[in-house]
Amino acid sequence: MPRKVQVQTKLNGEQVEFLCEPRQSLLEVLRDELGLTGTKEGCNDGNCGACTVMFDGRIVTSCLVLAVEAEGKEITTVEGIAAGNELHPIQQCFLEGAALQCGVCTPGILVAAKALLDQDSNPSEEKIRFWLANNLCRCTGYDKIVRSVQAAAEKMQEAR
Amino acid sequence: MQWFEYARPESVDEAVRLLSEHGEKARVLAGGTDVLVQLRGGFRSADWVVDIKEIPELNGIAWDDSSGLTIGAAVPCYRVYENEDVKKHYPGLVDVASLIGGTQIQGRASLGGNLCNAAPSADAVPAMIALEASGRVVGPDGARTIAVEDFCIAPGKNVLKPGELLVSLHFPAPKPHSGAHYIRFIPRNEMDIAVAGAGVSVVLDNGNFASARVALASVAPTPLFVKEAGEALAGQPVNDESIQRAAEIAKQAAKPIDDMRGTKRYRKHLCEVLTRRALHIAVERARGNN
Amino acid sequence: MSDQSYEPSMVLATKTFDVVGTRPVRHDGADKVTGRAIYGADVTLPGLIHGAVLRSPHAHARIKSIDTSKAEAHPQVRAVVTSADIADAGDKTVDLGEGLTRLAFIRNNVLARAKVLYRGHAVAAVAAASVHDALEALNLIEVEYEPLPPVLTAPEAMKEGASLLHDDLTTTELGKPTDKLSNVASHFRHEKGDIEKGFADADLILEKEFDTSTVHQGYIEPHNTTALWNNDGRIQIWTSTQGPFTIRDTTAAILEKPVSQVRVTPTEIGGGFGGKIPVYIDPVAALLSKKSGHPVKIVMSRADVLEGTGPTPGSHIKVKMGVKNDGTMVAAQASLAYEAGAFPGAMVIPASMCVFAAYDIPNVMIDGYDVVVNKPSTAAYRAPGATNAAFATENIVSAMAEKLGVDPLDLRLNNASKKGTRRADGPKFPRIGCVEVLEAMKSHPHYSAPLEGPNRGRGVAIGFWFNAGLPSACNIAVNADGSITLVEGSPDIGGTRTSIAMQAAEVLGLPIENVSPSVVDTDSVGYTAVTGGSRVTFATGLAAIRAARDVRDQMIKRAARIWGVDADTVEFEKGVFISRNGTENRMTFAELAPQLAATGGPIVGRAGVNPPGVGGSFAGNIVDVEIDPETGKVTILRFTAFQDAGKAIHPSYVEGQMQGGSAQGIGWALNEEYFMNPDGKMMNSSLLDYRMPTSLDLPMIDTCIIEVANPGHPFGARGVGEANIIPPPAALAHAIHNAVDIDMRRLPMNPVAVMEAIWQKNGVTD
């Protein structure tokens, strides 16, 4: 029987270890081996962004990352955005701004939006739309998503 | 997806050894944004996936103003467009690195991968042809340099022999009064494959074109270097007429097909429009560049 | 791009409430932003194994043989099923909540019997230890096909001598069965007045033909299901669905089980828009579970979703309208030929109900054709059928306005349907808001904002959707601390568990935080029809209102008993029970609640409804575009959506529906379509080339909610989910026309199509 590979990585701030087949994507392993089902599969070929995670400081579509590539890297998923029991401003603003309807694209968009706000504290509407173009939403038309990202930017600036 | 073994060599030699040993059964993995989709969809197969992202020569960006720019084959797009030297000296590369896919794709996809994938629609290739880029390739028989315009030989096929690995891409230092631009047409505003694309570069000399290069995406079996279009500009005054003539030559050279992304007629038409628009912007950049 | 000072606006809100009309955070919010919410693909059970479905590569073929022996021999495979494992449906019919349909159409779509009728048609399935194993095992199933010629459009399928999909499908002609074997399942007609006389009276007649392409609902979450066929014969299913009771009843019918033996739990759902009403993989997963003795999960790939589930019909539409010089519409005629896909049931009836609904026209004739073609069996897609029809009607109405030299909104206003107007399909309108929507459009700053510059144009369009009532049930239990738990059966696609809770809270004078709503499985609540038809806030909301009133009435009796007074002397006002017999007895809801157990037992309120009094909704768009005349690319500069919500229970959710439907309409208008090659293969079955709008493709979508109260609902609510998708393609066509003077008659209006129309107008031939 072909052997699985042992991988050690830092996930949402904690050291974890898992076994996987080389052909398994990071998305698969997060969901099926590590029980972190917050990251979603929408297309499995990089076109919808529902599987977005932070990988080594950049947002990526985890369906196109092999789980074995996680060795020694740092990964953040939607489960790692809140600070313990306290929602991050981006999460709070999404709820107050009704920036989700079915919610399935929301984890990917939250990870992507947080990554944007961590590097640009006051992005323009154009910048937000460009940054999020790899994250499809079919329910909202993006209006309340963009406004909620703007609201979160303001909230985060006030907190500083 | 079929089962495969995964290797992560830490040197070029080790990578070449693995690729030589497994030949057609091995595939190189950089960003994975093309190859994983292909393996999953059964369009390519591999018993071995060789991850080259830990090899230093494939992952660096180096610039010096006499020899130019060297980008490792596996460097992801975001590092290209965030690099200060690239931003300053090669805006034509920033154009293309920031429009492939979307933000997440740009976090992984590489110019080298885009080239080796050899799709007719590869956005990076015309931009690199315009910038006179070449690829440094290392194989079991040694190293060689290949001009980017000679790299793709058929849809999805590149010129590499079994065991060969693209190590880096080299861009000569820009000449004074030069400018480059890549522009493509897509139906949405991001995420699409180019219906047509034009990468151009110009060198100006006192109100004339000293030289120019024009290359097209998605209108031939491989990205198309339209030598005649650039040659038609050399020595010509920088004005709308010369640019229009070059754009017409580009349109004539295009050999597109009808497919779900566009018709022949539409693509040929776009070649003229995009080449013209790209040349205007390249000229603007050249004028601003002393 | 958009007006930075935009504030969502509302018109004609005549009554204010305490909870209804506010914007609380949804009850499932924390789960949804932390990744905790359980969607169908997240379900896991002990011993879970994974299923995969083998689909036909041919658009039309006879199945000569299926050999599953090699797959069964695969060491990781636990079960294989084919059509042979399901009983034939014969002539059985089922009622899935929207009328009777032949069970055979559904059963034969779930697993093909004798013939495959579209590329993607399910033929067999396996269950194995892992998804990878299951996919490998599919390659070991050997199917022998005899390919047949496919038909891919309605006109093609309607021709004499066309290849027939079914050897037993005869046309029902104007309500009567015939012997004519055909791809036309039915031809029906609605008539009002005298169409010939109408056209004879007209001063101006316009007649055009239109084509719309097949488009998909495009929900981001693919279909999924987990099924357990337990050792006691009971089947449990966890699935992403808009209608757990539909899944239950259909699965039970297909597997010949009583519904009491089937329990369906709707997981959180990642979008549906109508596409998650039909049954696809649940019976298959259940059978795999029976054969393997394990729970089985099946998750569709994106390609399977596009090729194997129901998109909305492509269509060929002819519209002819006649108007007098004074702007009075006198005649309207439409021919609607809709592609049903592999099995009859194209949404052409709803289209016929909406095509001219916005206008009071005395003479109307509508012919509808339900036509089978070798494409996936179509499903509902947000106001199904109406968007295609409005693309045609609104084009003609705007063209008439242009020819008569009148404002396009004025022409519509002068002919707008009102209370009492009779639709061609029969019903008379109750109080509706067509006029109010048009007036709101006319007086909105967008309509009079200057739009300057070349290749720019503004367009308008309106649309109507009748909305549904249908059955819903609700239970409410009172907790000792004065809060309530509310249980209902409508999968929550956009926040409805909260808008339903708000309606109960309003009745009982409770703050919204004191209501805990849950969407439950089919064993835990009374029969509830699908989440669809814009019915949930209206009908399940009404069930919640009545259940809350039931709670209130029981608690009034209980207070009366505690006080020793007659129940008719006790009133309930703003959350307080007051005895009005001269005593000073008062008790708040929270004070009475802890006394219930000891004074007769817990109080549970309940209601089951199937309400009349459904309020239809009108929607409108004003859109500004700029065309790049060298590429045909359409850029939307500004977009305003208008809709009559009756009463916006939760205004943010109403705005969200308007914005979401607009975005889908825009995608439908500008880029989305199924590229079929002549063999019936979808060439663009991925989200790369099935091009849905990204965040960079849309501007802010400004909204204006109009509230013309629906007399059929205690708070005036009308369904809002659907009507908003109807106007965008028509409004964009109008804007494109005004920008570059071309007349787009085909959807999508993608850059190639616009460019070719510009070339044709300019006489460019090379």
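Strands, in the sense used here, are DSSP runs of at least two residues, numbered from the N terminus. The model under discussion is predicted, and that definition is what places C:Leu470 in the loop between strand E21 (456-465) and strand E22 (472-478) of chain C. C:Leu470 has a positive phi of about 70°, although the residue is not a glycine. The residue is also buried, because 21 other C-beta atoms lie within 10 Å and the cut-off for burial is 20 or more.

Along the principal axes, the C-alpha trace of chain C extends over about 90 × 75 × 50 Å. Of the 766 residues in chain C, 61% are buried. Contacts across the sequence follow a clear pattern: among those in chain C between residues at least 6 apart, 80% join residues at least 24 apart.

Two further sites in chain C deserve attention. C:Ile349 belongs to helix H10 (residues 348-354) of chain C. With 20 other C-beta atoms within 10 Å, C:Ile349 counts as buried. Between C:Ile349 and C:Leu140 there are 209 residues in sequence and 43 Å in space, taken from C-alpha to C-alpha. C:Pro748 lies in the loop between strand E32 (746-747) and H20 of chain C.

B:Glu132 is situated in the loop between helix H8 (124-130) and strand E6 (134-139) of chain B. Its 19 C-beta neighbours inside 10 Å make B:Glu132 partly exposed, because a buried residue needs 20 or more.

Chain A also meets chain C, in a contact that takes 45 residues from chain A and 41 residues from chain C. On the chain A side, H2, H3, helix H4 (125-131) and helix H5 (143-159) each supply at least two residues. H2(A) gives the most, with 4 residues. The chain A side divides into 22 nonpolar, 13 polar and 10 charged residues.

Two of these helices also pack against each other. Helix H2 (residues 89-96) and helix H3 (residues 106-119) of chain A meet at an angle of about 125°, and their axes are 10 Å apart. H2(A) is therefore oblique to H3(A). The crossing in which H2(A) passes H3(A) is right-handed. From H2(A), the residues A:Ile90, A:Gln91 and A:Phe94 meet A:Thr106, A:Leu110, A:Ala113, A:Lys114 and A:Leu117 of H3(A). By class, the residues of this contact comprise 5 nonpolar, 2 polar and 1 charged.

How values were computed. Residues are numbered from 1 along each chain as its sequence is written. Chains are lettered from A and ligands numbered from 1 in the order in which they are written. This is a predicted model: local features need pLDDT of at least 70, side-chain atom pairs count only at pLDDT 80 or more; totals for chains, interfaces and linings use all residues. A residue is buried if 20 or more other C-beta atoms lie within 10 Å of its own, exposed if 12 or fewer, and partly exposed in between; C-beta atoms are placed from the backbone. Two residues are in contact if their C-beta atoms, placed from the backbone, lie within 7 Å. Axes are lines fitted to C-alpha atoms, for helices over the stretch in contact, and angles run from 0 to 180 degrees between N-to-C directions. Angles under 35 degrees count as roughly parallel, over 145 as roughly antiparallel, 65 to 115 as roughly perpendicular and the rest as oblique. A crossing is left-handed if the near helix is turned anticlockwise from the far one by less than a right angle, and right-handed if clockwise. Ala, Val, Leu, Ile, Met, Phe, Trp, Tyr, Cys and Pro count as nonpolar, Asp, Glu, Lys and Arg as charged, and the others, Gly among them, as polar.
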